[in-house]
Amino acid sequence: MSGPGFVVAAALGLIAVTLAVPVPIALARATWPTRAPARALLLWQVIALAGGFSMIGALLAAGLALMPIAVVPGGIVVGAAIALTGYLLGHLAATVTVVVRSRQRHQELLWLLTSPHPTRAETLVLEDSVPLAYCVPRGWHSLTVLSRGLLDRLSSEELSAVIAHERAHLDQRHDILLVAFRAWHSALPWFPIAARAAEEVDVLVELLADDSARRVVSDRALAHAIAAVARVEPDGAPRTVRHPATARSRDRLLRLAA
Amino acid sequence: MANLGHLERAVMHALWESGTSLSAYDVLPRVADAASGKQLAVTTVLTVLSRLEKKGFVSADRSARPHRYTATASRADHVAELLHEALGESADRRAVLERFVGGVSAADAAVLRDLLSNRADTA
């Protein structure tokens, strides 16, 4: 009854469960990722990939070990492993398709509505009073968008901070990571750890982009830029906050203002 | 072909400013002005209009001769759409853009402002 197949399945299952719950919780609670965001980001990727593979591997090993004893249950377990793989990959592909399409549409709108920045390459200016800076990654034609409201509000050092921050997102291709983790989260909406992972990755890429900006400008300039741009609700109405204020997102700001 | 993008922008501005439907012949003089006085061919304008139609920015009335083109939405509507996406307010589109203050909640921003002003006081 107990063959090497079951041992492998049990071992992989144990790894999968460990990577699915205690390890991510510990990592999300740890304070060191704020100081070493690149390492933490790498670790999140390893956890997600290894967790997925070990879960699928455990099902496959168990199914294959079961087949000689009981064909039908074994087959069902193998089928479940294949279905899980297909579901995750299919979901990723669908997410990427949606993202690529909406980016394309967004860029088309940008071409019509903005004008190129007079001095900075690949930078567009939107004539609107809302202070706003963001980047649109797309192959080699990535763009940084700045609004008139932002340009009016920031000093030139603060503006350099914003641009260095956005450039870092583009150069380090943070969008790929964000899409992967958000796809994972939306594929497993009932799995709270996936949501936690996506939130952590969100903040970690901001920390990394901040670090790039801090090489160019002072912490103070970056902090002032964030304070100036962070939205204040015009009517004081509580805004639906998509990002729950995690400890990490507050730490991001505290380390600049310390 | 590199400046088709500029022409698209110029044609859209002509349509937005006119506020009514225009034929390619109506568009022509308005775009020629915008493109540093360079005279364009009607066929170029038609190409640009059909590209804009394909992208959904322009609708064509083909019962009229010559065909008449209208902007499907006002400039302000498009700006609103852009801001809606850029501010991360539309569902499911969050992955499109990375905003400078994307992860900063209102409460965190208040804490940061307090810290900065306190430090300015003591400095």
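Author: Start with Arg252(A) and Glu206(A). In this predicted model, the two form a salt bridge, with their closest N and O atoms 3.9 Å apart. The cut-off for such a pair is 4 Å, so this one counts. Where do the partners sit? Arg252(A) belongs to helix 11 of chain A, residues 247-257, and Glu206(A) to helix 9, residues 192-216. The pair therefore ties together parts that are 46 residues apart in sequence.

Buried or exposed? Arg252(A) is buried, at a relative accessible area of 2%. Glu206(A) is buried as well, at 8%. Both values fall under the 20% limit for buried residues.

The next pair is Asp219(A) with Arg214(A). Their side chains meet in a salt bridge at 2.9 Å, N to O. Here the setting is partly exposed: Asp219(A) has a relative accessible area of 25%, and Arg214(A) has 26%.

Chain B supplies another pair. Glu53(B) and Arg62(B) join their side chains in a salt bridge, 2.6 Å from N to O. Glu53(B) is partly exposed at 25% relative accessible area. Arg62(B) is also partly exposed, at 41%. Back in chain A, salt bridges with shared partners link Asp211(A), Arg214(A), Asp219(A) and Arg255(A) into one network. Over all chains, the count comes to 17 salt bridges. Side chains of opposite charge can pair when their charged atoms come close.

Now turn to helix 3 of chain B. This helix covers residues 42-54, 13 residues in all. From first C-alpha to last it reaches 18 Å, close to the 18 Å expected at 1.5 Å a residue. Which of its residues are buried? They are Val45(B), Val48(B), Leu49(B) and Leu52(B). Viewed down the axis of helix 3 of chain B, these buried residues fall within an arc of 100°, so they line one face of the helix. An α-helix has 3.6 residues a turn, so residues three or four places apart point the same way.

What does the face turned away from the buried side carry? On that face of helix 3 of chain B are the exposed residues Thr43(B) and Lys54(B). Just after the helix comes Gly56(B), which takes a positive phi of about 90°.

By contrast, Glu53(B) is partly exposed, as is Arg62(B).

How values were computed: Residues numbered from 1 in each chain as written. Chains lettered and ligands numbered in written order. Predicted model: local features only at pLDDT ≥ 70, side-chain atom pairs only at ≥ 80, totals over all residues. Heavy atoms only, no water. Helix = DSSP H or I, 4+ residues; strand = E, 2+ residues; numbered from the N terminus. Expected span 1.5 Å × (residues − 1). Buried < 20%, exposed > 50% of the residue type's maximum accessible area, 1.4 Å probe, protein only. Arc of directions from axis to C-beta.
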